[in-house]
Amino acid sequence: MNEIICPHCHKAFKVDEAGYADILKQVRDHQFEEELHNRLQLAEKEKLSAIQIAEAKIKEALQQQLAQKDIELSILKSEAAAELTQKLAQKEAEVAQLKADKMNALTQIKAQLDNAEVSKKLAITEAVQKMERERDALLNEVRTKELEKQNLESTLKHQFAAEIQTKEAIIKYKDEEIARVKDMKAKLSTKMIGETLEQHCEIEFNKLRATAFQNAYFEKDNDARSGSKGDFIYKETDEAGNEIISIMFEMKNEGDETATKKKNEDFFKELDKDRNEKKCEYAVLVSLLEADSEYYNTGIVDVSHKYPKMYVVRPQFFIPIITLLRNAAMNSLKYKAELALVRNQNIDITNFEEKINQFKEGFARNYDLASRQFKNAIDEIDKTILHLQKTKDALLSSVNNLRLANQKAEDLTIKKLTYGNPTMKAKFDELD
């Protein structure tokens, strides 16, 4: 029973564990919903503020560039107008001077040059037309500058419009990404209700057990005699019983509300200890810890620089890591078979040497027995004739031992020595 004090009347009353857990859950859910609502409002405000700031900066930059272009165009217009005015004034002065000169010349030689009147008029007309052409050229140049200004303004407007669209697209993409992440978290939370990470991995493996892992052993590690144990052990052997691969799995997960966050590295030492005690070749940590780590979110992470043959994976890479390690082990299976053959050959050679040593020991033992019998016989002959019978028996015994030794030597053949030893039989067959 838990005692609760009312914050209004300050009276204490008791509730059972179920009621206390229900009240605690209501408080946590209310706080979580309120905090989520506040964070969403804050994110929305920050997004609107960022959009307004970006739009203000773009508009300000556009206005500054347009103002600069207006200034440049005004300068060009002023320079062109001044240049045109100067040229027109110069041409008018030249025309006036030319007219004055012509009039003076006409006055002075009017009598002599009556017939040249038409030529003079034509010259004046040509000079006027030339000035008009130059004036038209200057006007066309001014119109060209005006068109360039309009084209530049249009280009800048399109450019800034495209930049604004790009910014809006980026903001939209970020909003969609935020929504996608929220949806993914919601789906993951729904999927993991009532299902631990261990159960999830076991279900994923059992989906493929009948097709991809028919000869594999994948069960819970229930042996805690050493004081600790992993979560799952994966083993697979070939038809001859030779081990192809073995993996010790450890699954780690924690809720968002956990106050003290664990790190993947906190479990490496214990996992390596379990791998060695259970005689597994590899160790794999399937982890949802450090969810924001770019290092572990890349997929399959090799941490063999800390502990040999150890990997850290996210749950979605649980089946791929088994497949990768299994394929690598299958490639090395041929070399393992050759190594086993060499070991068997060494055992055959050792057995052959043991047989030879056994024969030598037996022959030496029989020879030693015979030598001692001969010495006893000679001693008995030297001591007394009465011991002749005993000496005879000793001699007969010695002869019998020698006969047995001789029979063993005669019965010793290559066929008998190589019986049950295919390696040495093959060596002698090669010599024949």
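Is glutamate 44 buried, partly exposed or exposed? Glutamate 44 is partly exposed, with a relative accessible area of 38%. Keep in mind that this is a predicted model.

Let us start with the partner of glutamate 44. Lysine 47 forms a salt bridge with this residue, and their closest N and O atoms lie 3.4 Å apart. Both residues belong to helix H1, which spans residues 17-109. They sit 3 residues apart there, about one turn of the helix. Lysine 47 is partly exposed too, at a relative accessible area of 24%.

Side chains of opposite charge can pair when their charged atoms come close.

| Salt bridge | Closest N and O atoms |
|---|---|
| Lysine 47 and glutamate 44 | 3.4 Å |
| Glutamate 250 and lysine 252 | 3.3 Å |
| Glutamate 277 and lysine 273 | 3.1 Å |

Next comes the pair of glutamate 250 and lysine 252, joined by a salt bridge. Glutamate 250 counts as buried because its relative accessibility is 9%, under the 20% cut-off.

The last pair takes us to helix H4, residues 268-277. Here glutamate 277 and lysine 273 are 4 residues apart, so about one helical turn separates them. A salt bridge links the two. Glutamate 277 is partly exposed, with a relative accessible area of 34%, and lysine 273 is partly exposed at 32% relative accessibility.

How values were computed:
Residues numbered from 1 in each chain as written. Predicted model: local features only at pLDDT ≥ 70, side-chain atom pairs only at ≥ 80, totals over all residues. Heavy atoms only, no water. Salt bridge = Lys/Arg side-chain N within 4 Å of Asp/Glu carboxyl O. Helix = DSSP H or I, 4+ residues; strand = E, 2+ residues; numbered from the N terminus. Buried < 20%, exposed > 50% of the residue type's maximum accessible area, 1.4 Å probe, protein only.
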